Amino acid sequence: MMWYGGGWGGWFFMAMFMVLFWTLVIIGIVALVRHLSSTPYGRQSGRPLSSDEPGQGSGKAEDLLAERFARGEIEDDEYRRRLALLREYR
């Protein structure tokens, strides 16, 4: 029995569809793995605030302090006091 009208044309189309099918399956698996292993938006990767580079950890700490102040977790005087303390030991 010959498919797609017979001859080599049928085998060529079947081979192309098979390659396309497996390519889409592999791309789907890779996309699913990347989606499941990525961190959600707004969540940090769990790395510590300090790092080996000088000044890098204090900038992150200042950002975290500013976020807490913006959310209303700390008052103005406490924010200024902690910010001065962070900058003093930079």
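A salt bridge is taken here as a side-chain nitrogen of Lys or Arg within 4 Å of a carboxyl oxygen of Asp or Glu. By this criterion, a search of the whole structure finds five salt bridges. The model is predicted, so local features need pLDDT of at least 70 and side-chain atom pairs count only at pLDDT 80 or more, whereas totals for chains, interfaces and linings use all residues. Residues are numbered from 1 along each chain as its sequence is written, and side-chain values use heavy atoms, with hydrogens and water left out.

**View 1. Salt bridge between Glu62 and Arg87.** The N to O distance in this pair is 3.5 Å. Helices are DSSP runs (H or I, at least four residues), as are strands (E, at least two), and both are numbered from the N terminus. Glu62 is buried at 14% relative accessibility, while Arg87 is partly exposed at 47%. Buried means under 20% relative accessible area, exposed over 50%, and partly exposed in between (1.4 Å probe, protein chains only).

View 2. Leaving aside neighbours within four places in sequence, Glu62 is in contact (heavy atoms within 4.5 Å) with Leu83, Leu86, Arg87 and Arg90. The side chains of Glu62 and Arg87 are also joined by a polar contact of 3.5 Å. A polar contact is a pair of N or O atoms within 3.5 Å; within protein, one must be able to donate a hydrogen and the other to accept it, and residues adjacent in sequence count only if both atoms are side-chain atoms.

**View 3. Salt bridge between Arg80 and Asp76 within helix α3.** The side chains of Arg80 and Asp76 meet at 3.2 Å, N to O. The two residues lie four residues apart, about one turn of the helix. Arg80 is exposed, with 55% relative accessibility, and Asp76 is partly exposed, with 37%.

**View 4. Network of Arg68, Arg71 and Glu73.** Salt bridges that share partners join these three residues. In the pair formed by Glu73 and Arg71, the closest N and O atoms are 3.0 Å apart. Glu73 has a relative accessible area of 45% and is partly exposed; Arg71, at 52%, counts as exposed.
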